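Subject: Structure handover

Hello,

Here is the structure I said I would pass on. My notes on its ligand sites follow below it.

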Amino acid sequence: MQTPSLLILGSGAAGCTAAIYAARAGLKPTLIRGNQPGGQLTITTDVENYPGFAQTIQGPWLMEQMEAQARHCGAEIVEDHIVKAELSPENPITRKSDNPIKLTGQSGQTYTAPSLIIATGATAKWLGLPGEKTFNGKGVSACATCDGAFYRGRDVCVVGGGNTAMEEALYLAGIAKSVTLIHRRDTFRGEKVLQERVKNHDKITTLWNHKVDEILGDPHPITGGVTGLKLSNTQTGQTQELKTHGLFVAIGHQPNTQLFTGQLDMDETGYLKTAPGTVFALHNGKSLPGIFAAGDVADPIYRQAVTAAGMGCMAALDANRYLESL
Ligand code: FAD
Ligand code: NAP
């Protein structure tokens, strides 16, 4: 393996874009793919909102192309998943050394460099029902902006009671015939303004005190899809079946930042904090030189492939500036 000037953690849209820009800037980036090569877009099918493609494209194909482009530009791509990160934020001697960043992979390999782009993404939380895997991309989704258009004029459900669930329900109400918002309690935890909008929307019905017990449907890989849900009342235990074409799970996202606990600043959910308007990662409110955070790992709001790619570009340009300054 070459000695990299820049390590990039993650092979989603943010990591691959950072690798393309860094390689073209003449840096020697090494991108570590992680245990989900290609990132979240590899678990979806149709992508219709990534600019540049008039026809619907497939998520896994798009990510193959991004990685191939990064290789073509000269990025080194390594098969490993990082299990330990040592950024030494409070060790002035290590920080002043040539390679203050040390990562250890599950392969046992260690990686050192003066600069790091963290693009480890975020993982949607799921209910843990078997049907979520069976019907993923065929009626079950965790992203209304991504998959909502496939439910035009159809009946859909959203599960969750936070801001994300309410935003997903409102977004879907502009597309679908009807939206049933299923929440396990009798109050939302999200903002009042969203609660009002949900309450007043004539296409949205809220089913309070209910949980999803089973996803019903035809599991055929091509012609199959979701047909309904088995629900139960969390207060009375009473069960019912609800006909629906789609289930949007919106019970929160978990950013993949455990590696950096105590080393980088995070918000209360675990998203990496960055200096306002930049991709500079922070330690105790100050940017930690040479360390950048791009994509969903630092973005609790937009969480789109195109925004992740944009942040990956910013991180590579800033890493280049930082390395030139050394
Ligand atoms: P991710 O794609 O999450 O990639 C993270 C990368 O980090 C992975 O390669 C993983 O292997 C790596 N990694 C994690 N931990 C480690 C570690 N410890 N060591 C090394 N590597 C690590 N967006 C759209 O714009 N359009 C869509 O149509 C769309 N559809 C979606 C459908 C679904 C089902 C989902 C879940 C999301 C969808 N999104 C869509 C959102 C989009 O996928 C994300 O915004 C985008 O993938 C974020 O890219 P990222 O590079 O920040 O992170
Ligand atoms: P969240 O606030 O953690 O809410 C998750 C919701 O899912 C809660 O209502 C929770 O129920 C429910 N839930 C969790 N696990 C569940 C399970 N296993 N089964 C059924 N329901 C379950 O997550 P979020 O809505 O994704 O928001 C995350 C953060 O991003 C929040 O800080 C939010 O404010 C922010 N955000 C902001 C905006 C905005 O500003 N417009 C938009 C989106 C997100 P309980 O209520 O019973 O716990």
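The lining of the second largest pocket is made up of eight nonpolar, 10 polar and eight charged residues. Please keep in mind that this is a predicted model.

That lining comes to 26 residues in total, and those nearest the centre of the pocket are Gly-162, Arg-189, Ala-250, Ile-251 and Gly-252. The volume of the second largest pocket is about 700 Å³. Two elements, α6 (163–173) and β15 (210–218), each give at least two residues to the lining. The largest share is that of β15, with three residues.

What takes up the space of the second largest pocket? Ligand 2 does. Around ligand 2 there are 14 residues, with Asn-163, Thr-164, Glu-167, Arg-185 and Arg-189 the closest. By class, this shell holds two nonpolar, seven polar and five charged residues.

- Gly-162 places a backbone N or O atom 3.3 Å from an oxygen atom of ligand 2.
- In Asn-163, a side-chain N or O atom is 2.8 Å from an oxygen atom of ligand 2.

On its own, ligand 2 has 900 Å² of accessible area, and the protein covers 72% of it.

- Ser-11 has a side-chain N or O atom 3.0 Å from an oxygen atom of ligand 1.
- Gln-40 brings a polar side-chain atom to 2.8 Å from an oxygen atom of ligand 1.
- Gln-304 has a side-chain N or O atom 3.2 Å from an oxygen atom of ligand 1.

How much of the 1000 Å² that ligand 1 exposes when taken alone does the protein bury? The figure is 96%.

Regards

Definitions and conventions. Residues are numbered from 1 along each chain as its sequence is written. Chains are lettered from A and ligands numbered from 1 in the order in which they are written. This is a predicted model: local features need pLDDT of at least 70, side-chain atom pairs count only at pLDDT 80 or more; totals for chains, interfaces and linings use all residues. Side-chain values use heavy atoms; hydrogens and water are left out. A residue is near a molecule or strand if one of its heavy atoms lies within 4 Å of it. A polar contact is a pair of N or O atoms within 3.5 Å; within protein, one must be able to donate a hydrogen and the other to accept it, and residues adjacent in sequence count only if both atoms are side-chain atoms. Accessible areas come from the Shrake-Rupley method with a 1.4 Å probe; for residues, only the protein chains shown count as cover. On a 1 Å grid over the protein atoms alone, a cavity is a set of points where a 1.4 Å probe fits but cannot get out, and a pocket is an open set with protein on both sides within 12 Å along at least five of seven lines; lining residues have an atom within 4 Å of a point. A molecule sits in a cavity or pocket if more than half of its atoms lie within 2 Å of its grid points. Ala, Val, Leu, Ile, Met, Phe, Trp, Tyr, Cys and Pro count as nonpolar, Asp, Glu, Lys and Arg as charged, and the others, Gly among them, as polar. Grid points are joined across faces, edges and corners, and a volume is the space filled by probe spheres set on the points. Helices (H or I, at least four residues) and strands (E, at least two) are DSSP runs, numbered from the N terminus.
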